[in-house]
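Subject: Structure handover and notes

Hello,

Below is the structure I said I would pass on. My notes come after it.

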Amino acid sequence: MHGIRMLVWLLALCPLISGCRKNEARPATEDAMRILQAKQWGESHSAKGHNANAQNSQIEQIDIPKNLPSPELLPITQAIYAQIIEKGSPGIFESYTERLPTTYGKSLRMIAIKGGEFLMGSPVNEPYRKTDEGPQRRVKISPFWISEIEIPWELYCAFMENGRPRSKDGKLQEEHPDDELWDVVAQPTAPYTAMNLGMGNGYEHGMPAIAMSHHAALKFCEWLSAQTGHYYRLPTEAEWEYACRAKADTAYCYGADEARLSQYAWFWNNSNDRYQKVASKKPNNWGIYDMHGNVAEWVMDSYSPQSYSDTKSLTDPIFIKPNAPHVVRGGSWDDDPDKLRSAARQASSPEWNRQDPQNPKSLWYLTDGGMVGFRVVRPLATPDLMTMHTYWNFSKGQP
């Protein structure tokens, strides 16, 4: 009887022994795979929790300003900041092409702008000048890179249509073990209508992305930084005007003659009542396209008629005021030539989101903002952690 049991046991082992001898792995059962995956998920989730606790411990040791916006998001900024610091500064300051992992091979050309001084604002005798364009002052600008073009749909859609369930503030409703750093950056909820606002055929490649809030533009910069290891943000007003003028002190980057404007810009006279393909007009002397017209561009600064007087700094000036409107520059396809001047400024308005049916209105989209887009900059000098966090998170509640 004992011999029979032994024989049965050996016969049962034969397939295993044979497989071992042939170096063949037996396929795992579905139950075994589920158990293994659950174990791996648990280990990863536990590691994430441990890392989050470590980050929170680090935050507790940092002196956090009382007015820091969204302090609960500081761990994400810390992780991006560490990545940027680890990558370090480039050895040579020159233009380069940034490739984005999330956009299936698409890229963004960044133009190197050497630091310098310029006269910011418009002179009192410039035609169509407004009082908020002065007083003129000579300011110093540190070196930075600026995107050659306005951010187009093929880049922005990867951010906007992220395919993940999110709360209204853009945070993930559920995290996965394989989430990348850029996945956990707050990103837009699904748009409630086609955000091309009826212009063209969907989100056409080569067309500038439009109708995003100032907050959305800031968070795009954070998302871009998370996947590239380079620090991106919106340009300040001073940086934008410095890059637009490209050493010119005239109303436009090429001179003062409105008759030549159609060579450089899309505006009311030639746009056919819609935005047009980026880089389809002449660039300025520094190789930057569409600084005049096509879409008006968000900059970092808050708007005040007295911004230039209120900001005392003459080196890399910036004016930020909580709960204030924001500034767009450059004019758009929907504007007359006077709004496309290098010094022209425009304040954001609640009217740009008038038709949004939600209550409260979306943090991410402008139902009436088909004339608004943006471009990005990368300063040569990386700021401190708190400044980086503030520049990505201060803009909530305003278009």
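Conventions
This is a predicted model, in which local features need pLDDT of at least 70 and side-chain atom pairs count only at pLDDT 80 or more, while totals for chains, interfaces and linings use all residues. Residues are numbered from 1 along each chain as its sequence is written, and side-chain values use heavy atoms, with hydrogens and water left out.

Whole chain
The protein has eight helices and 10 strands; these are DSSP runs numbered from the N terminus, with helices being H or I of at least four residues and strands E of at least two. Of its 399 residues, 49% count as buried. Buried means under 20% relative accessible area, exposed means over 50%, and partly exposed is in between (1.4 Å probe, protein chains only). The accessible surface comes to about 19400 Å², and 53% of that belongs to carbon and sulfur atoms. Areas come from the Shrake-Rupley method with a 1.4 Å probe, and for residues only the protein chains shown count as cover. Among contacts between residues at least 6 apart in sequence, 74% join residues at least 24 apart, where contact means heavy atoms within 4.5 Å.

Salt bridges
A salt bridge here is a side-chain nitrogen of Lys or Arg within 4 Å of a carboxyl oxygen of Asp or Glu. By this rule the count is 15.

- Lys219 and Glu222 form one through their side chains, at 2.6 Å from N to O. Both sit in helix 5 (residues 214-228), three residues apart, about one turn of the helix. An α-helix has 3.6 residues a turn, so residues three or four places apart point the same way. Lys219 is buried, because its relative accessible area is 1%, and Glu222 is buried at 2%.
- The side chains of Glu237 and Arg345 meet in a salt bridge at 2.9 Å, N to O. Glu237 belongs to helix 6 and Arg345 to strand 8 (residues 345-347), so the pair ties together parts that are 108 residues apart in sequence. Glu237 is buried, with a relative accessible area of 2%, and Arg345 is buried too, with 6%. Glu237 and Arg345 are also linked with Glu241, Arg245 and Arg329 in a network of salt bridges.
- Arg354 and Asp368 have side chains that meet in a salt bridge at 3.5 Å, N to O. Both residues are in the loop between strand 8 and strand 9 (372-373), 14 residues apart. Arg354 is partly exposed, with a relative accessible area of 48%, whereas Asp368 is buried at 16%.

Ile80 lies in helix 3 (residues 74-87) and counts as buried because its relative accessibility is 0%. Ile80 and Ala226 are 146 residues apart along the chain, but their C-alpha atoms are separated by 5.5 Å.

Met291 lies in the loop between helix 6 and strand 6. Met291 is buried, with a relative accessible area of 3%. Leaving out residues up to four places away in sequence, Met291 touches Ile146, Trp240, Ala243, Cys244, Asn284, Glu297, Gly330 and Arg375. Met291 and Arg375 are 84 residues apart in sequence and 9.6 Å apart in space, C-alpha to C-alpha.

Helix 4
Seven of the eight residues of helix 4 (residues 153-160) are buried, so this helix is largely enclosed by the rest of the structure. The buried ones are Trp153, Glu154, Leu155, Tyr156, Cys157, Phe159 and Met160. They pack against strand 2 (107-113) and helix 5.

Surface patch
Asp257, Glu258, Asp273, Asp334 and Asp336 gather in a patch of negative charge on the surface. Patches are made of residues with over 30% relative accessible area and no salt bridge, and like charges are joined within 9 Å. Asp and Glu count as negative, Lys and Arg as positive, and His and the chain ends are not counted. The place of a charge is taken as NZ of Lys, CZ of Arg, CG of Asp or CD of Glu. Asp257 is in the loop between helix 6 (237-245) and strand 6 (296-302). Asp257 counts as partly exposed because its relative accessibility is 41%.

Regards

Key. Patches are made of residues with over 30% relative accessible area and no salt bridge: like charges are joined within 9 Å, nonpolar side chains (Val, Leu, Ile, Met, Phe, Trp, Tyr) within 5 Å.
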